[in-house]
Amino acid sequence: MDKIDRMRAFALVAKNASFTIAAQRMGRSARLVSKYVADLENALGVQLLNRTTRSVSLTDAGATYLTLCEPLLDGFDELEERVRHDQTSLRGAIHISAPTGFGALRLTPSLAKFGAKHPNVELNLQFSDRRVSIIEEGFDLAIRIGPMRDSSLKVRQLGRMPLVVCASTAYLEHAGAPNHPRALATHECILDGNMTEPTVWRFNINGQEEAVSVSGRFRMNAPAAAARLAATGAAIARCPAYTVADAFRSGDLVELFAEHRVSPYTVAALFPQNRRLTTRVRALIDHLSGDAALCSDSVAILPS
């Protein structure tokens, strides 16, 4: 029995916490995948997985083995890719995590172009507005917007995205237009639950960054939803520019304090430091980095 198959079966079961899903990914039966894992455990003389009728989890030895075997599997996959296929015929799966709004509005069109160029690559895109654990949840890369706080990951910058404060004309007519960022303290603001300080908005005032305290009844972790709520006239929002680009064009939202914007957020691809990138993942990152439409259209409609 092929040791690579045993390792791959174990890694897929561990990452998906399921023999059934691992079997589907391998194109094998669940019974055969179970046998692969059992044979691997017997050969190593240790238990790698805890199994119950309802769950599968890693033992300490299993967690160590998974960390060490994944780079080997990645290297084996890359070896096969390079020997059997050239750059125009990449194949295999790429698992990607991305913010919901940015993924739907900006990333998917770029992935469509990549997919058309590489028809044998399977793109598995998972939307989430939380910071996923890339390694533990089995992603090849994650797209993030904002400060890159995880030092255990490599970062490839893809572009820059302004963070804008906006409101509808209906809100401004009802509540009055704030004449200075500090005046936001008396307005209804939408709080972003993804931020480490949701009630603090920062502005560039006289060349210095200044923190302004805000408050409001609405709190959410999806910037696109905050933009849509602001368009109804319920409150003032602070959002990445891509979420409000269409609303600015239509006039549903207007920007406040454009002259006081802080530095744009970074849009980046993050991936594990300790894993060799496969040719297909490297090609995707290069594609995203070179796709001007990924970020620039959102920036172009806004004055800097």
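Ser97 stands opposite Gln126 of strand S4, where helices (H or I, at least four residues) and strands (E, at least two) are DSSP runs numbered from the N terminus. Strand S3 (residues 92–98) and strand S4 (residues 121–127) run parallel and are joined by 7 bridges; two strands pair if DSSP finds at least two bridges between them. From S3 the chain crosses through helix H5 (residues 100–117) to S4, in a right-handed β-α-β crossover. Right-handed here means that, with the strands pointing away from the viewer, the path from the first strand over the helix to the second runs clockwise.

The model is predicted, so local features need pLDDT of at least 70 and side-chain atom pairs count only at pLDDT 80 or more, while totals for chains, interfaces and linings use all residues. Residues are numbered from 1 along each chain as its sequence is written, and side-chain values use heavy atoms, with hydrogens and water left out.

As a whole, the protein holds 10 helices and 14 strands, and its C-alpha trace spans about 75 × 45 × 30 Å along the principal axes. Of its 304 residues, 47% are buried, where buried means under 20% relative accessible area, exposed over 50%, and partly exposed in between (1.4 Å probe, protein chains only).

The structure has 3 aromatic pairs, counted for rings of Phe, Tyr and Trp (its six-membered ring) whose centres lie within 6.5 Å; planes under 30 degrees apart count as stacked, over 60 as edge-to-face and the rest as tilted. One of them joins Phe102 and Tyr242, with ring centres 5.1 Å apart and planes at 75°, so the pair is edge-to-face. Because Phe102 lies in helix H5 and Tyr242 in the loop between S12 and helix H8 (245–250), the pair ties together parts that are 140 residues apart in sequence. Phe102 is buried, at a relative accessible area of 0%, and Tyr242 also counts as buried, at 3%. Phe203 and Phe257 form another edge-to-face pair, 5.9 Å centre to centre with 85° between the planes. This pair links strand S9, which holds Phe203, to the loop between strand S13 (254–256) and strand S14 (265–272), which holds Phe257, 54 residues apart. Both Phe203 and Phe257 are buried.

On a 1 Å grid over the protein atoms alone, a cavity is a set of points where a 1.4 Å probe fits but cannot get out, and lining residues have an atom within 4 Å of a point. Grid points are joined across faces, edges and corners, and a volume is the space filled by probe spheres set on the points. This rule gives 2 cavities of 30 Å³ or more.

The largest cavity has a volume of about 80 Å³. Its lining includes Trp201, Met220, Arg238 and Cys239, and strand S8 (188–192), helix H7 (223–231) and strand S12 (237–240) are the elements that give two or more residues to it. By class, this lining has 9 nonpolar, no polar and 2 charged residues, with Ala, Val, Leu, Ile, Met, Phe, Trp, Tyr, Cys and Pro counted as nonpolar, Asp, Glu, Lys and Arg as charged, and the others, Gly among them, as polar.

The second largest cavity has a volume of about 60 Å³. Phe203 and Phe257 are among its lining residues, as are Arg238 and His260. Strand S7 (163–167) and strand S9 (200–205) each supply at least two lining residues, and S7 gives the largest share, 3 residues. This lining divides into 7 nonpolar, 1 polar and 3 charged residues.

Note on methods: 1 Å grid on protein atoms, 1.4 Å probe; cavity = no way out; pocket = protein on both sides within 12 Å on 5 of 7 lines; lining within 4 Å.
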